[in-house]
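This report concerns a pocket and the aromatic side chains of one structure. Please examine the sequence and the model before reading on.

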Amino acid sequence: MQFFGGSEISPSPPLPTASGNNAHMMYIFNRNGVCLLYREWNRPLRTLDSNQDHKLMFGLLFSLKSLTAKMDPSSAEKGNLGVPQLPGQGCSFHSFRTNTYKLSFMESPSGIKIILVTHPKASDLRESLKYIYNLYVEYVVKNPLYTPGTPIRSELFNTTLDQYVRGLG
Amino acid sequence: MAPAFPRSGDAIFANVERVNAELLTLTYGAIVRQLLTDLEEVEEVNKQLDQMGYNIGIRLIDEFLAKSNITRCVDFRETAEVIAKVGFKMFLGVTASVTSWDTEGTCCSLLLEDNPLVDFVELPDTCQGLYYCNILSGVVRGALEMVSMKTEVTWVKDMLRGDDAFELQVKLLKQVPEEYPYKDDE
């Protein structure tokens, strides 16, 4: 397989596919922090290089998960902040919103994290993220030529994903 | 509120695409036969089947989680029930039962009365020591490793060796929660 430019860890971002797309960008990480996929549809300003950007995103979500779990008022646990969590333990954070964007997050018990950044008026995207997880299973996991833990290079997956995201409200 | 995990795999099994059971049995048989020819040593074949199963398991887990909508994987008891009732049903079309829990709740047995992989199979004398279904132990081990559970999976009873059922012992070694993967100086 040929890798075009960039390092193996983080693929260099592809050119934006279509303007007027509903989503800005999407990341898929695995449990070891490897960025399996980064898709960009609408991101005018880019200040960090891809590697830094991916690490920042992963680190942010890792910390947010830990923080939200520890601040949970309905939980009886008295663990310390930063103690690693088992999949599904504690509450699960699913999105945050600023005045310019909304970030939706989904994590599977196997550690696959899907992050979708959209415009701030987007509705609850949990079902959409589940659908994207299903797409990942169908097009990536079931492909015998794909090695788990490496960046995804499937044109079919990318096209189906673009189509789906374009249709999101 | 819906239960955290599905109680049975029947609904999912009804919705997945299915294939002729004989095709599965004969294909699996061909794999084992070829491994025996290539590797000759029964122990090597056992190891290879386990490794193949492991590679299947690490991918199968995502399909399983996507189709069954499970979000938590913390309690080993729950996990064992889910594997037996939902997992085996979804992928092999048969349900297993969970038995022989030890006092700490870290070791149990999955009992399979019916196993589609071994239809028409009889082990000849030259293959004594072969764990014909060893791929299943690899699959369970691989899948559980991806949900942070390190396990040891061994066959306790094997119908091809004269026992009355197939019994897979699953022993939880430890639960390894996700650690922050990047070094602090980067």
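## Lining of the second largest pocket

In this predicted model, the lining of the second largest pocket comprises 18 nonpolar, 13 polar and 6 charged residues. The volume of the second largest pocket is about 900 Å³. It is lined by 37 residues, of which G88(A), S92(A), F93(A), E107(A) and T71(B) are the closest to its centre.

Several elements give two or more residues to this lining: helix 1 (50–70), strand 4 (102–107) and helix 2 of chain A, and helix 3 (42–68) of chain B. Helix 1 of chain A provides the largest share, 6 residues.

## Aromatic pairs

Over all chains, the count of aromatic pairs comes to 12. One of them joins Y133(A) and Y136(A), which are stacked, with 6.2 Å from centre to centre and 15° between the planes. These two residues are 3 residues apart in helix 2 (residues 126–141) of chain A, so about one helical turn separates them. Y133(A) has 4% relative accessibility and therefore counts as buried; Y136(A), at 3%, also counts as buried, because the cut-off for buried is under 20%.

Elsewhere in chain A, ring pairs link Y27(A), F29(A), Y38(A), F58(A) and F62(A) into a cluster.

## Charges over rings

The charged end of R77(B) lies over the ring of W101(B), at 4.4 Å from the ring centre. R161(B) places its charged end over the ring of Y131(B), 4.1 Å from the centre of that ring.

Key: Residues numbered from 1 in each chain as written. Chains lettered and ligands numbered in written order. Predicted model: local features only at pLDDT ≥ 70, side-chain atom pairs only at ≥ 80, totals over all residues. Heavy atoms only, no water. Phe/Tyr/Trp six-rings, centres within 6.5 Å; stacked < 30°, edge-to-face > 60°. Helix = DSSP H or I, 4+ residues; strand = E, 2+ residues; numbered from the N terminus. Buried < 20%, exposed > 50% of the residue type's maximum accessible area, 1.4 Å probe, protein only. Lys NZ or Arg CZ within 6 Å of the ring centre and 35° of its normal. 1 Å grid on protein atoms, 1.4 Å probe; cavity = no way out; pocket = protein on both sides within 12 Å on 5 of 7 lines; lining within 4 Å. Points joined across faces, edges and corners; volume = space filled by probe spheres on them. Nonpolar A, V, L, I, M, F, W, Y, C, P; charged D, E, K, R; others polar.
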